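I opened this notebook to record a few look-ups in one structure. The entries follow in the order in which I made them.

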Amino acid sequence: MTELAVRLAGVTKKFGTHTAVSNFDLEIPRGTIVGLLGPNGSGKTTMIRMIMAILLPDRGTVELFGGFPDFARRSRVGYLPEERGVYEKMKVLEQLVFLGELRGLVRREAQSRAGQWLERLELSEWSGKKIQELSKGMQQKVQFIGTVLHDPDMLILDEPFSGLDPINQEVLEAIVREERERGKTILFSTHLMEQAERLCERVCLISRSHKVLDGDLKKLKRRERSGAVAVEFQGDAGWLTRLGIHDIEVVDDAHHIPVTNRVGHDSILAAAVREGVTLRRFEVLEPTLREIFVRHAGEQSEEPAMAAMGGAR
Amino acid sequence: MRQVWIVMRREYLERVKTKGFILSTIALPVLMIGLIGLSAFLGVQSERSERELALIDYTGLIGEEVAGRLAAFGYEMEVVGADVGQEELDRQIMEDELEGYLVIDDLTLTEGVFAYRGKDRPSSLRRNLFERFVVQTALDRHLSALEDGASVRALIEGGQLDFESVVEETDGEDAEVNRITGIVTGFGGAFLLYFTMLLYGAYVLRSVLDEKRNRVVEVVISSISPWRLLLGKVLGVGSMGLTQLGIWFASAAVLATFGVPFVVAQLQATGLEDVLQFLPGPGVIALLGAYFVLGYFLYASMFAAVGAMCSSEEEAQQAQFPVMMLLIVPFVLQMATIEGSGFAWMDWVALFPYFSPVMMFPRAAAGAVPWWMVASSLVLMALALVGTAWVAGRIYRVGILMQGKRPTLRELVRWVKTA
């Protein structure tokens with residue numbers, strides 16, 4: 001299974017004068033959870049729509065399962081678009097059965113699977129209701145079921161968690177993890193950094209139609225370590241000031257020492273031993289995804305993008 | 001094919017289950033049949049009196065015959081002589097033994113004037129029947145005394161204009177009946193074709209537009225090819241249309257089977273056979289079916305393309321105008337030449353495949369064009385359908401995934417080329 005699930009090479013897409021995706025390269029190996037991160041309008045949805053061949057790139061190539069995202073390859077994907085597409089006047093169960101049948105399930109199989117999913121997402125009592133009678137969040141869950149119902153090899157989810165309450169977000173996150181355990185590839189876009197940090201194995205950061213960074217999240221974090229450390233100890237912090245460290249930030253009983261102090265890790269540890277400080281924790285801090293993003297997007301003077309990311313959609 | 005079937009079934013069921021469909025399809029004919037049936041029933045009931053009618057004949061000449069004719073029509077009629085007297089009959093009416101009675105005297109013989117005495121004013125049906133039978137009986141009496149009575153009667157009953165074509169032989173009454181049937185069927189069929197293509201075409205447009213607007217199509221299209229989706233959709237709406245037409249035809253048939261004989265019996269103007277001979281034959285109905293199927297697919301594919309290139313209802317209203325013109329123009333032309341005659345060049349216009357359903361079918365039904373013209377119009381329509389579906393399918397395929405502004409004509413051409 002060395003085959004890539006998705007490969008983008010030099011992909012550019014313009015809408016009129018606006019460039020939505022610019023010279024983009026991306027490789028998504030199989031069997032991982034990949035987060036596509038970026039503020040609104042950074043080109044996430046355009047990329048996803050190109051992977052699903054809803055849009056065709058102006059330049060570059062898009063490959064799905066090793067080839068053009070034709071009909072046969074697309075049918076191996078469960079796709080959840082950003083805009084919630086449902087037949088509003090159809091009943092919940094009927095809609096799910098329709099989608100299941102369309103993707104090759106026999107009627108009875110589609111019915112029983114849909115029933116199980118509805119139960120799991122606590123929608124059983126709504127199965128006979130028309131979709132337009134459901135709340136937005138419930139509609140979204142129904143649509144999510146439609147995405148996973150036919151047990152596709154890959155899930156492509158465009159902002160799957162937006163608009164859901166925290167409890168339902170957790171339920172969906174759990175399902176995503178489960179599907180990953182079952183060997184599926186999951187690509188989802190989000191503008192919520194913390195969520196991506198919880199869920200993803202790989203990330204791809206986008207800002208203003210350009211790729212900022214991508215790769216394995218753990219490696220990325222290790223690579224992006226600044227050298228800042230967190231120190232937790234008994235007693236007062238006098239020994240740190242005596243070492244010439246002043247801008248200490250106290251977070252949950254731990255003293256965070258940023259790199260700007262230019263005091264080596266060895267000197268800090270030596271001082272602690274010398275001064276007889278009882279150390280509870282000494283840790284080289286890993287940056288959060290948000291910090292990484294700010295650092296890199298900032299280099300491209302993309303600061304306004306961050307403002308957009310702070311606010312809720 | 002399985003996917004086409006799944007889409008078609010969804011489209012069909014979702015439409016047939018709506019209140020609007022049930023209301024327009026089932027409730028309408030039921031209501032109409034019910035109303036006609038009810039009024040007919042009430043009319044009969046009020047005429048079927050339990051009480052007797054009487055006839056007092058002061059002339060002693062025509063009373064028996066009038067009573068006989070009325071009895072044949074189902075009235076219980078007792079003829080009494082002048083010896084009984086009107087006071088006695090009036091008393092019987094007051095005591096509800098008799099409903100009413102006719103008074104026939106000399107004036108009836110000469111001027112057709114007679115009286116009906118009773119508590120209630122007679123219904124218009126009863127009044128008509130009584131007048132007709134009494135006057136006819138009196139007239140018969142006068143005519144039988146004349147030598148040339150038969151010809152006088154014929155003249156009284158009205159003359160008739162026989163059209164004799166100098167172009168071709170008309171073989172009598174049958175041809176005339178066929179011609180009238182053809183014209184009526186042709187016009188009715190043309191209207192039905194016009195109406196259904198417009199209506200069901202609009203359904204297809206709406207269906208495509210809705211799917212595009214709420215982005216369901218993006219999900220669906222990842223599992224099914226656009227061609228199959230479109231085919232399933234058109235077939236689904238089409239079968240809904242056939243269901244609707246079927247129900248309407250069936251109720252019309254019910255009406256014809258039970259309603260027409262009833263009306264005929266009531267009026268006794270014409271025999272049942274006279275009416276039935278005007279109903280179209282199976283050949284014409286098959287032809288209507290052929291024009292419906294070809295015409296529906298032709299227009300449905302165009303309406304689908306319009307739906308796919310628009311993003312809102314308002315846009316679609318405008319964009320469907322050219323397609324609607326293709327339907328309205330032949331309809332207007334057809335109205336101008338309702339009997340299928342008119343200018344000869346119109347027959348050639350009717351060969352234009354987009355006009356054929358509305359223009360060629362009535363001509364074919366009325367027998368106004370040679371058979372080879374009808375056949376070529378069907379072939380041309382089939383060819384046009386292949387071409388139109390090819391172009392429309394390509395527009396559909398690109399259009400359903402395209403958001404934003406409606407494409408210009410040049411962009412459309414590019415869609416068709418690149419799709």
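Entry 1, conventions. I note that this is a predicted model, in which local features need pLDDT of at least 70, side-chain atom pairs count only at pLDDT 80 or more, and totals for chains, interfaces and linings use all residues. Residues are numbered from 1 along each chain as its sequence is written, while chains are lettered from A and ligands numbered from 1 in the order in which they are written.

Entry 2, the contact. I counted as in contact two residues whose C-beta atoms, placed from the backbone, lie within 7 Å. Chain A contributes 20 residues and chain B 15 residues. On the chain A side, helix H2 (71-74), strand E5 (77-80) and helix H3 (92-102) each supply at least two residues. Helices (H or I, at least four residues) and strands (E, at least two) are DSSP runs, numbered from the N terminus. H3(A) gives the largest share of that side, 3 residues.

I located A:Arg103 in the loop between H3 and helix H4 (107-120) of chain A. Is A:Arg103 buried or exposed? A residue is buried if 20 or more other C-beta atoms lie within 10 Å of its own, and exposed if 12 or fewer. A:Arg103 is buried, because 22 other C-beta atoms lie within 10 Å. Not counting residues up to four places away in sequence, A:Arg103 touches A:Ser75, A:His150 and B:Ser223.

Entry 4, chain B. I found 18 helices and 4 strands in chain B. Of its 419 residues, 33% are buried.
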